Amino acid sequence: MNIGIFDSGIGGMTLLHQALVLMPQENFIFYADTDHVPYGTKSREQVASYVDEVIRFMIAHNCKAVVIACNTATAVAADQMRSKYGDLPIIGIEPAVKPAVVESDGKRVMVIATPLTVHEKRLQKLLERVDDEHLVDLLELPGLVEFAERGEFVSERVTAYLKERFAGYALDQYGELVLGCTHFNYFKDTFQSLLPQGIHMIDGSLGTVRQLMRVLESKGALAQSAADGSAGGQVRYFVSGREICDTEGLEKIRKLHERLERMSVIQ
C-alpha cells in the first residue's frame, strides 16, 4: 500500500522529502494540484472541493493514509475530510507556532503564510492556545507561492518582494520565523540573507511526518519493509491526476529534491 501526500503545488515535496528520510521503507504517491495552485487565494468552498477530489484519487490508488501537506488545505478542509472518510487516516500540517513560541526565549515570532491560512479560525485558535504573551505576528506572502511554482527561488525579484513585505517590521526583535506554507522552505537561503543573524526558521514538516508515523504504528500499518520485497522509498508523482513519467518532468523533480536537501541544513 501507499502513503498519499498532496499539496496545491510543489510545496508538499518538503514534507515528502522529510518522509523519505524517516520512513524509507514506505512507498508514496505525491500529488501536486497544479491546475488549482495557489490554494491560499481561493475561497474555502473551492479549496474543500479540491481536497475532496484529491483524497478520492488517493483512495483509488490504494493509499492507507493521506497527508495534507498544505497549511491552507489543512485549515480549511482537514476536519471535514476526516468526518467524510472516517476510516482513512488523514494527517494535516499546520504552522509550527507552539515550538516557535517555546523556543523564542521571549523574542517575537513571525508566522509567514498564505492569506487563507492567516485568516482561518484554525490558526486563530492555535494562537489563542499557545501565544499567551502575544509574541506572534502574522504576515501574508502569497507572491512567494507563485515564485516557487515558477522555480524562481533566488533572484532580484524575490529579494525585492520580501524586502517590501518585511518593511515596517523591526526584524531584530524576532527570534523565530515560522514557515507557514510548505512552498516557503525552498527560500531558506534567501530568508537567511535578509534576516538578522540568530533568527531561527521552523516549519511543520518534521512534526507532521512524526505524527503520520505514530498514527500508522497505532493501527499496525507502519511498514517494516516494502510490500513487494524491494527497498521501499518508491514514489509516483502526479500533477492534478496526471502521472509524471517523462524525462524532463522527472528531472525537474530531482532538482527540487536536490534543492530541498540543501535547504534542510539551514535553520
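Predicted model: local features only at pLDDT ≥ 70, side-chain atom pairs only at ≥ 80, totals over all residues.
Guide: Let's start where two helices touch: Arg44, Val47, Ala48, Val51, Asp52 and Ile55 in H2 meet Ala73, Val76, Ala77, Gln80, Met81 and Lys84 in H3. To meet here means having heavy atoms within 4.5 Å. By class, this contact holds eight nonpolar, one polar and three charged residues. Ala, Val, Leu, Ile, Met, Phe, Trp, Tyr, Cys and Pro count as nonpolar, Asp, Glu, Lys and Arg as charged, and the others, Gly among them, as polar.

Visitor: Why are H2 and H3 called oblique to each other?

Guide: Helix H2 (residues 44-60) and helix H3 (residues 71-84) have axes that come within 9 Å and cross at roughly 50°. Angles under 35 degrees count as roughly parallel, over 145 as roughly antiparallel, 65 to 115 as roughly perpendicular and the rest as oblique. H2 and H3 are therefore oblique to each other. Their crossing is right-handed, a term for a near helix turned clockwise from the far one by less than a right angle.

Visitor: What makes H1 roughly perpendicular to H11?

Guide: The axes of H1 and H11 cross at roughly 75° and come within 10 Å. That angle makes H1 roughly perpendicular to H11. On the H1 side the contact is made by Met13, Thr14, Leu16, His17 and Leu20, and on the H11 side by Ile253, Leu256, His257, Leu260 and Glu261. These residues divide into six nonpolar, three polar and one charged.

Visitor: How do you know where empty space is left?

Guide: A probe the size of a water molecule, rolled over the atoms, shows it. On a 1 Å grid over the protein atoms alone, a cavity is a set of points where a 1.4 Å probe fits but cannot get out, whereas a pocket is an open set with protein on both sides within 12 Å along at least five of seven lines; lining residues have an atom within 4 Å of a point.

Visitor: Which residues lie nearest the centre of the largest pocket?

Guide: They are Gln18, Lys188, Asp203, Ser205 and Leu206, among the 22 residues of its lining. Helix H1 (13-22), strand E8 (200-203), helix H10 (205-218) and helix H11 (247-263) each give two or more residues to that lining. The space in this pocket is about 440 Å³.

Visitor: Which element gives the largest share of the lining of the second largest pocket?

Guide: H10 does, with four residues. This pocket holds about 320 Å³ of space, and Gly92, Ile93, Glu94, Gly207 and Thr208 lie nearest its centre.

Visitor: How many cavities of 30 Å³ or more are there?

Guide: The count comes to three. The largest has about 70 Å³ of space, and Ser8, Cys70, Thr72, Thr114 and Cys181 are the closest to its centre of the 15 residues that line it. The second largest cavity, of about 50 Å³, is lined by Asn71, Ala75, Glu94, Pro95, Thr117, Arg122, Leu123 and Leu126.

Methods:
Residues numbered from 1 in each chain as written. Heavy atoms only, no water. Axes fitted to C-alpha atoms, helices over the stretch in contact; angles between N-to-C directions. Points joined across faces, edges and corners; volume = space filled by probe spheres on them.
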